[in-house]
Amino acid sequence: MSTFKALRIFNEDGKVVSRMVAMTVDELDPGEVVIRTEYSSINYKDALAATGAGKIIRRFPCVGGIDGAGTVESSTDPAFKPGDQVIANSYDIGVAHDGGYAGRMRVPAKWLVRLPQGLSTQEAMALGVAGFTAGLAVVRMEANGLEPGRGPVIVNGATGGVGSVVIDILAGRGYHVVALTGKASEADYLTSLGAKEVMLRSSLDLAKIRPLDKSLWAGAVDNLGGDVLSWMTSTMKEGGAIAAVGLAASFEYKTTVMPFILRGVTLCGIDSVNCPMPLREQVWQRLAGDLKPRHLQSMVRLLPLDQLQGAFQGYLDGAAKGRTVVKIA
């Protein structure tokens, strides 16, 4: 049986380590569909998992990579046949089920989304879990009343994968987007994606967060959690919608009920892992259509599988920008 390269994550004497190994399909976790993986991507969660910086992996050993896209090689489920192009992301992929950093994936058919017309497998991974999360955030906020005429939308963690994609999507839909970042040097990058303003986090006085402050934002997307999310909540306009998508800074959230009761603010928790399949398919269809970022390729760097391990530290250090696509095939 032929072998393929895979980045497998091990627990050796209590220490998490990852390394390239040769594997066969028979060594992969069970599933009805075998995919010839063409591309994967790097998400913050992948960096935590592969380095052991976060307790992400729930079963060792495990092939890393929480997403992947490619072509069906074989299937025992009638929903998919050889030659179909598919996207696999979320669920247990890359954390408790072998993931996308391998020449083959074998996954349950119920976890797969057929590649929408209008996206290539490379574009699907240029979006990846981060892009899917961004799309889901926009869909949820607009379902809760957000529209361009309501006012500006602020995006925290703006240079990251989710932040970059959501800025591009919102700007393309006519929103006035304010990018909130800790990286003054990336202002030109953020405005190239469509941000109308760039605000530095250092300009915020987070030591004095009031229960209700001046109304500023019709919408907000927060990737970090902690005090910035608390400040965003206190500065929302009436009927504003917040999408909470990450906790890279802190899982804590200090607020009162006042913004929700006196201003009708909605807090949308964005769960890309357990998103129901009908909504998952809807978001991917829209990411191939009206939500497709206009500057997707400009925010992407392409990395061969052999160079993958050297890229994780940048994510842990907060130095990564945009999206990193991993070429597997």
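User: Where does Asp13 lie?
Analyst: This is a predicted model. Asp13 lies in the loop between β1 and β2. Its phi is positive, about 55°, although Asp13 is not a glycine.

User: Is Asp13 buried or exposed?
Analyst: Exposed, with a relative accessible area of 86%.

User: And what about Ser90, buried or exposed?
Analyst: Ser90 counts as buried, at 5% relative accessibility. Ser90 also has a positive phi, near 70°, and lies in the loop between β6 (85-89) and β7 (104-107).

User: Back to β1. How many bridges join it to β2?
Analyst: Nine, and the two strands run antiparallel. One of the pairs is Ile9 with Ser18 in β2.

User: What is the order of the strands in that open sheet?
Analyst: The order is β2-β1-β4, with antiparallel pairing. β2 (15-23) and β4 (62-63) stand at the edges with a single partner strand each, so one side of each has no neighbour in the sheet.

User: Which helix lies across β1 and β2?
Analyst: Helix α1 (residues 44-51), which runs at about 95° to β2.

User: Which peptide bond is cis?
Analyst: The one from Phe60 to Pro61 is cis, with omega near -15°. Pro61 is in the loop between α1 and β4.

User: New topic: how many residues of α5 are buried?
Analyst: Seven of the eight residues in α5 (residues 227-234) are buried, so the helix is largely enclosed by the rest of the structure. Among them are Trp231 and Met232.

User: What covers them?
Analyst: The cover includes β9 (153-156), β13 (236-244) and α6 (258-262).

How values were computed
Residues numbered from 1 in each chain as written. Predicted model: local features only at pLDDT ≥ 70, side-chain atom pairs only at ≥ 80, totals over all residues. Heavy atoms only, no water. Pairing = 2+ DSSP bridges. Helix = DSSP H or I, 4+ residues; strand = E, 2+ residues; numbered from the N terminus. Contact = heavy atoms within 4.5 Å. Axes fitted to C-alpha atoms, helices over the stretch in contact; angles between N-to-C directions. Buried < 20%, exposed > 50% of the residue type's maximum accessible area, 1.4 Å probe, protein only.
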